[in-house]
Amino acid sequence: GLVRQFLRDFRRPGTLAVVDPVMGDFGRVYETYTPAMCRRMADLTAEADVITPNLTEASLLLEQSYETIQAIDPAEIVRRLSLEGRRSVVLTGYSTGDGQTGALCFDRADGSIQAVQVQRVPRDFSGTGDLFTSVLTGAMVKGVPLIQAARTAADFVQSCAARTLAAGNTDGEGVDFEPLLGTLT
């Protein structure tokens, strides 16, 4: 596709390519996605240095049913998604226990796998995955290592979600992140 060709044409040494394979959530593919679009997204992720799928997107990228992928050790999922260690993987929405959420990270720099966890806000908000990937990418562009960047992103999203919930803004508009942007500098 066009984005894949753009990466090939303009990528330079040291360029960081991050792909958030937005295809679905909660075990379901988004209604706007066709099987062909999912295959094209998988092709695009092949160009990435870092990918940030959720579990649904991981199942699509690995061509496994959502039920099958839920039974696989999450460390094995991120290893498989790393293309034999060629790219970093941040499995978003990963939880180590009740009341927790965050990410499970495979860092291609050293092959390590680490979980980043924050207290889960008891409500889902649209756009949190986009916000997470944006903060992660910004931190990594500044030279922050993957795990620390994922921790910064998880903390920021959690703060935004908690603030939004406390303000009673649960109307589907996503999280109110703009007032907290200054905390990232």
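I began with accessibility: a residue is called buried under 20% relative accessible area, exposed over 50%, and partly exposed in between (1.4 Å probe, protein chains only). By that scale, aspartate 124 counts as partly exposed, at 43% relative accessibility.

I noted that this is a predicted model, in which local features need pLDDT of at least 70 and side-chain atom pairs count only at pLDDT 80 or more, while totals for chains, interfaces and linings use all residues. Residues are numbered from 1 along each chain as its sequence is written, and side-chain values use heavy atoms, with hydrogens and water left out.

**Entry 1: salt bridges**

I reminded myself that side chains of opposite charge can pair when their charged atoms come close. I took a salt bridge to be a side-chain nitrogen of Lys or Arg within 4 Å of a carboxyl oxygen of Asp or Glu. How many salt bridges does a search of the whole structure find? The search finds eight.

I looked up aspartate 124 again and found that its salt-bridge partner is arginine 120, with the closest N and O atoms 2.5 Å apart. Arginine 120 is partly exposed as well, with a relative accessible area of 32%. I also found that salt bridges with shared partners join Arg4, Arg8 and Glu47 into one network.

For the next pairs I needed the elements: helices (H or I, at least four residues) and strands (E, at least two) are DSSP runs, numbered from the N terminus. Arginine 4 is partly exposed at 22% relative accessible area, whereas glutamate 47 is buried at 14%.

I then turned to aspartate 49, which forms a salt bridge with arginine 11, the closest N and O atoms being 2.5 Å apart. Aspartate 49 sits in the loop between H2 and S4, and arginine 11 in the loop between H1 and strand S1 (18-19), so the pair ties together parts that are 38 residues apart in sequence. Aspartate 49 is buried, with a relative accessible area of 9%, while arginine 11 counts as partly exposed at 26%.

**Entry 2: the sheet**

I recalled that strands of a sheet pair through backbone hydrogen bonds, either parallel or antiparallel. Here two strands count as paired if DSSP finds at least two bridges between them. In which order do the strands of the open sheet of five strands stand? I read the order as S1-S4-S5-S6-S7, with mixed pairing. S1 and S7 are the edge strands, each pairing on one side only.

I followed S6 through its neighbours. S5 and S6 run antiparallel and are joined by four bridges; leucine 91 stands opposite leucine 104 in S6, and valine 90 stands opposite cysteine 105 in S6. S6 and S7 also pair in the antiparallel sense, over eight bridges. There, glutamine 100 has glutamine 119 in S7 as its bridge partner, and aspartate 107 stands opposite serine 112 in S7. The hairpin of S6 and S7 has four residues between the strands, and in it glycine 111 takes a positive phi near 75°. Is S6 mostly covered or uncovered? I found S6 mostly covered, with six of its eight residues buried.

**Entry 3: pockets**

I used this meaning: on a 1 Å grid over the protein atoms alone, a pocket is an open set of points where a 1.4 Å probe fits, with protein on both sides within 12 Å along at least five of seven lines, and lining residues have an atom within 4 Å of a point. A volume is the space filled by probe spheres set on the points.

The largest pocket has a volume of about 1200 Å³. I found 43 residues in its lining, of which Asp25, Thr92, Gly93, Thr101 and Thr128 lie nearest the centre. Elements that give two or more residues to this lining include strand S6 (100-107), strand S7 (112-119) and helix H7 (146-166).

The second largest pocket holds about 190 Å³ of space. Its lining includes Cys38, Arg39, Ser59 and Tyr66. H3 supplies the largest share of that lining, four residues.
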